[in-house]
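Subject: A structure for you to look at

Hello,

Here is the structure I promised to pass on. Have a look at it first, and then read on for my notes.

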Amino acid sequence: VPGAVQPGGIGYQLGFGLRDDADQYTVETRLSQEVGRVHWTAGVFYSDLDYQQKIDFVLDSFDCSGARSLALGTCVSSVANDAADVAAITKDIGVFAEATYDITDALSFTAGTRYSKTDKDFSWTNNVPRRTGAAFSGPVRATPFTDNRSWDDVTYKGTLDYEFADDMMVYVSYSTGFKPGGYGGITDSRTLSATSAETVKAEEI
């Protein structure tokens, strides 16, 4: 986004580039069967995500107000050029089962459970940035960040429902949920850290 430079003033020009590349493989297998009043489903899930990101950032500062600018008869330019490479590999595994028992033709009870596990390998590397001019100062290279974490949990649910008619039903349900952790604040490797997993409990009537 170019900024206008007025005589005796200061202007900026910003350039930003972002390139993403992701390869993902996902598979899920289920088995289902109905035996008398029992209907059940069981299965496994697997996902493998390889994510790559490249970030480029350029900031030019034009100072036309200083003594040096007046002496040279032109604006003095300061340039900051940064680039970063991000890599993340995420593997998810899930094993689940659910069964419904028809107590009567109208009353049913459903119970289910799932084991989930997530493994993440993450890295953020700042390439050596370029700094020219007096307008930019400070550290020229942030410390590379690498980390690997695993999160897992067992979730479950139970539902009791009663069907008054084909289009009318009441139910009561209790369930738990799980969300694995991750990495946030991806602006500078000095501020990166892993976030904790989240769990939730839900009741419905």
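A residue counts as buried when its relative accessible area is under 20%, as exposed when that value is over 50%, and as partly exposed in between. By that rule Asp147 is buried, because its relative accessible area is 19%. Its partner is Arg149: the two side chains meet in a salt bridge, at 2.9 Å from N to O. Arg149 itself is partly exposed, at 39% relative accessibility. Please keep in mind throughout that this is a predicted model.

**The overall picture**

The protein has nine strands and one helix. Along the sequence the order is β-β-α-β-β-β-β-β-β-β. There are 205 residues, and 26% of them count as buried. The surface comes to about 13,200 Å², with 55% of that supplied by carbon and sulfur atoms. Among contacts with a separation of 6 or more, 66% are between residues 24 or more positions apart.

**Salt bridges**

Side chains of opposite charge can pair when their charged atoms come close. The count here is five salt bridges, including the one between Arg149 and Asp147.

Another one joins the side chains of Arg37 and Asp105, at 3.9 Å from N to O. Arg37 sits in the loop between strand 1 (10-35) and strand 2 (38-63), while Asp105 sits in the loop between strand 3 (76-102) and strand 4, so the pair ties together parts that are 68 residues apart in sequence. Arg37 is partly exposed, with a relative accessible area of 38%, whereas Asp105 counts as exposed at 77%.

Lys157 and Glu98 also meet in a salt bridge, at 3.0 Å from N to O. This pair links distant parts of the chain too: Lys157 is in strand 5 and Glu98 is in strand 3, 59 residues apart. Lys157 is partly exposed, with a relative accessible area of 35%, and Glu98 is partly exposed with a value of 35%.

**Aromatic pairs**

A pair of aromatic rings is described by the distance of the centres and the angle of the planes. The structure holds two such pairs. Tyr156 and Tyr174 form a tilted pair, 6.4 Å from centre to centre with 40° between the planes. Tyr156 belongs to strand 5 (residues 145-165) and Tyr174 to strand 6, 18 residues apart, and the pair links distant parts of the chain. Tyr156 counts as partly exposed at 43% relative accessibility, and Tyr174 counts as partly exposed at 29%.

In the other pair, the ring centres of Tyr162 and Phe164 are 5.0 Å apart and the planes stand at 75°, so this pair is edge-to-face. Tyr162 is partly exposed, with a relative accessible area of 35%. Phe164 is exposed, at 52%.

Tyr115 is found in strand 4 (residues 107-132) and is partly exposed, with a relative accessible area of 32%. From C-alpha to C-alpha, Tyr115 is 9.5 Å from Val44, although the two are 71 residues apart in sequence.

Is Ser173 buried or exposed? Ser173 is buried, because its relative accessible area is 9%, a value under 20%. Ser173 has its place in strand 6, and its side chain makes a polar contact of 3.3 Å with that of Thr159. Not counting residues up to four places away in sequence, Ser173 touches Gly158, Thr159, Ala202, Glu203 and Glu204.

Val172 lies in strand 6 (residues 168-179) and is partly exposed, with a relative accessible area of 40%. Val172 belongs to a nonpolar patch on the surface, formed with Tyr101, Ile103, Phe109, Leu160 and Ile205. Together these residues have about 600 Å² of accessible area.

Happy viewing, and do write back with any thoughts.

Best wishes

Definitions and conventions: Residues are numbered from 1 along each chain as its sequence is written. This is a predicted model: local features need pLDDT of at least 70, side-chain atom pairs count only at pLDDT 80 or more; totals for chains, interfaces and linings use all residues. Side-chain values use heavy atoms; hydrogens and water are left out. Helices (H or I, at least four residues) and strands (E, at least two) are DSSP runs, numbered from the N terminus. Buried means under 20% relative accessible area, exposed over 50%, partly exposed in between (1.4 Å probe, protein chains only). Contact means heavy atoms within 4.5 Å. Accessible areas come from the Shrake-Rupley method with a 1.4 Å probe; for residues, only the protein chains shown count as cover. Patches are made of residues with over 30% relative accessible area and no salt bridge: like charges are joined within 9 Å, nonpolar side chains (Val, Leu, Ile, Met, Phe, Trp, Tyr) within 5 Å. A salt bridge is a side-chain nitrogen of Lys or Arg within 4 Å of a carboxyl oxygen of Asp or Glu. A polar contact is a pair of N or O atoms within 3.5 Å; within protein, one must be able to donate a hydrogen and the other to accept it, and residues adjacent in sequence count only if both atoms are side-chain atoms. Rings of Phe, Tyr and Trp (its six-membered ring) pair if their centres lie within 6.5 Å; planes under 30 degrees apart count as stacked, over 60 as edge-to-face and the rest as tilted.
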